[in-house]
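Here is a short report on one structure.

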Amino acid sequence: MPTIEKIWLATLTKNEDDAGTDVGVLNLTIDIDGQDLADIDFGFMNGSGPLSGGLGPDSGWLEQGQAAISGGTNSEPGELLPNPIDASLLTNSSIRLGIRDDDAWAPQQVLVFGQTQPEWSPSQIVALAMETDLTHWLSTDSSEGHLTMPLRLVGPGSATTVIRKVMLLVYTGSGSNVETDSPIRLQITAGGAIVADQTIADTPQDDLEQYTGNWHPVDVAVPFTKGDVVTNGNIRLSILDDDAWLPSQVYVFGLDTESGRPSEVVTLAAIPKWELGSLSTDPSEGNASVLLPVS
């Protein structure tokens with residue numbers, strides 16, 4: 001297992017009444033053998049602070065049905081850990097997510113992923129912990145929820161891990177002509193055949209807007225492996241209209257389960273700093289599609 005030097009927190013709030021919160025900060029702690037190695041507040045400050053899906057501490061990045069990707073700054077994504085952490089020493093009780101207010105929040109899915117030190121392979125971005133279909137509510141008011149919850153570990157998988165579901169995570173930053181109302185499409189070819197092909201249009205989330213994170217599940221028609229993508233395949237991200245989109249971060253993860261919580265989460269593509277230009281069907285504004293580098 002790798003040594004982790006940066007981490008991100010990705011969340012999706014339940015799309016049900018009272019699930020959202022006005023809380024501007026979530027707290028993540030990492031503990032090994034009773035020693036606190038990291039105590040990090042994830043939130044949002046425009047331009048220079050932690051990335052999330054909102055415009056300010058009370059702007060709704062944790063509102064009902066909304067997703068977020070938090071960690072680092074616009075120019076330096078990923079929250080730098082106080083000291084690098086050996087991931088092989090983590091246990092299912094090492095990583096905990098908490099809240100610092102009594103306005104309760106109900107997450108649906110949570111993913112913690114990290115950046116490894118350069119010498120580790122196959123990828124510098126690896127999933128560390130994940131929870132899906134959560135029933136926990138978080139609040140400092142014990143009558144409304146728990147103060148913290150554990151996030152159980154997931155393995156990074158390998159080139160031979162069978163992938164049965166794909167998760168596309170994107171973050172759109174700020175600026176002129178970065179957000180879009182156009183639908184996008186993710187297509188994955190593996191072993192010479194198209195194994196996943198999904199168009200993403202309107203969802204309950206604030207789709208592809210400025211300062212917004214999005215969490216999109218992608219169905220897999222035929223289970224595949226990362227090795228199949230590397231040897232005879234590709235990952236293509238496309239836009240289906242001429243309203244240009246310029247993402248800031250794009251991640252594609254492969255899950256070893258079709259539904260429910262995975263045991264292994266394989267990094268298929270990870271772009272913490274997007275440098276592939278705008279996407280648009282208008283060639284004067286950008287490219288209609290790009291191939292994402294396989295991690």
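Arg185 counts as partly exposed, at 29% relative accessibility. (Buried means under 20% relative accessible area, exposed over 50%, and partly exposed in between, with a 1.4 Å probe and protein chains only.) This is a predicted model: local features need pLDDT of at least 70, side-chain atom pairs count only at pLDDT 80 or more, and totals for chains, interfaces and linings use all residues. Residues are numbered from 1 along each chain as its sequence is written, and side-chain values use heavy atoms, with hydrogens and water left out.

Arg185 forms a salt bridge with Asp197, and their closest N and O atoms are 2.7 Å apart. (A salt bridge is a side-chain nitrogen of Lys or Arg within 4 Å of a carboxyl oxygen of Asp or Glu.) The pair links distant parts of the chain: Arg185 sits in strand E11 (residues 184-190) and Asp197 in strand E12, twelve residues apart. Strands (E, at least two residues) and helices (H or I, at least four) are DSSP runs, numbered from the N terminus. Asp197 is partly exposed, at 37% relative accessibility.

## Other salt bridges

How many salt bridges does a search of the whole structure find? It finds eight. In one of them, the side chains of Arg100 and Asp41 meet at 3.0 Å, N to O. Arg100 is in the loop between strand E6 (95-99) and E7, while Asp41 is in strand E3 (residues 35-42), 59 residues apart. Arg100 is partly exposed at 49% relative accessibility. Asp41 is partly exposed too, at 38%.

Arg261 bridges to Glu131, with the closest N and O atoms 3.8 Å apart. Arg261 lies in the loop between strand E15 (249-255) and strand E16 (265-271), and Glu131 lies in strand E8 (residues 125-131), so the pair ties together parts that are 130 residues apart in sequence. Is Glu131 buried or exposed? Glu131 counts as buried, at 5% relative accessibility. Arg261 is partly exposed, at 24%.

Strand E14 (residues 234-239) pairs with E17 over three bridges, in the antiparallel sense. Ser238 stands opposite Ser289 in E17.

## Two pockets

The largest pocket holds about 190 Å³ of space. (On a 1 Å grid over the protein atoms alone, a pocket is an open set of points with protein on both sides within 12 Å along at least five of seven lines; lining residues have an atom within 4 Å of a point.) Its lining has 13 residues, and Asn74, Gly173, Pro247, Ser248 and Gln249 lie nearest the centre. By class, seven are nonpolar, five polar and one charged.

The second largest pocket holds about 150 Å³. Its lining includes Gln108, Gln109, Lys165 and Met167. Strand E7 (107-116) and strand E10 (163-172) are the elements that give two or more residues to this lining.

Definitions and conventions
On a 1 Å grid over the protein atoms alone, a cavity is a set of points where a 1.4 Å probe fits but cannot get out, and a pocket is an open set with protein on both sides within 12 Å along at least five of seven lines; lining residues have an atom within 4 Å of a point. Grid points are joined across faces, edges and corners, and a volume is the space filled by probe spheres set on the points. Ala, Val, Leu, Ile, Met, Phe, Trp, Tyr, Cys and Pro count as nonpolar, Asp, Glu, Lys and Arg as charged, and the others, Gly among them, as polar. Two strands pair if DSSP finds at least two bridges between them.
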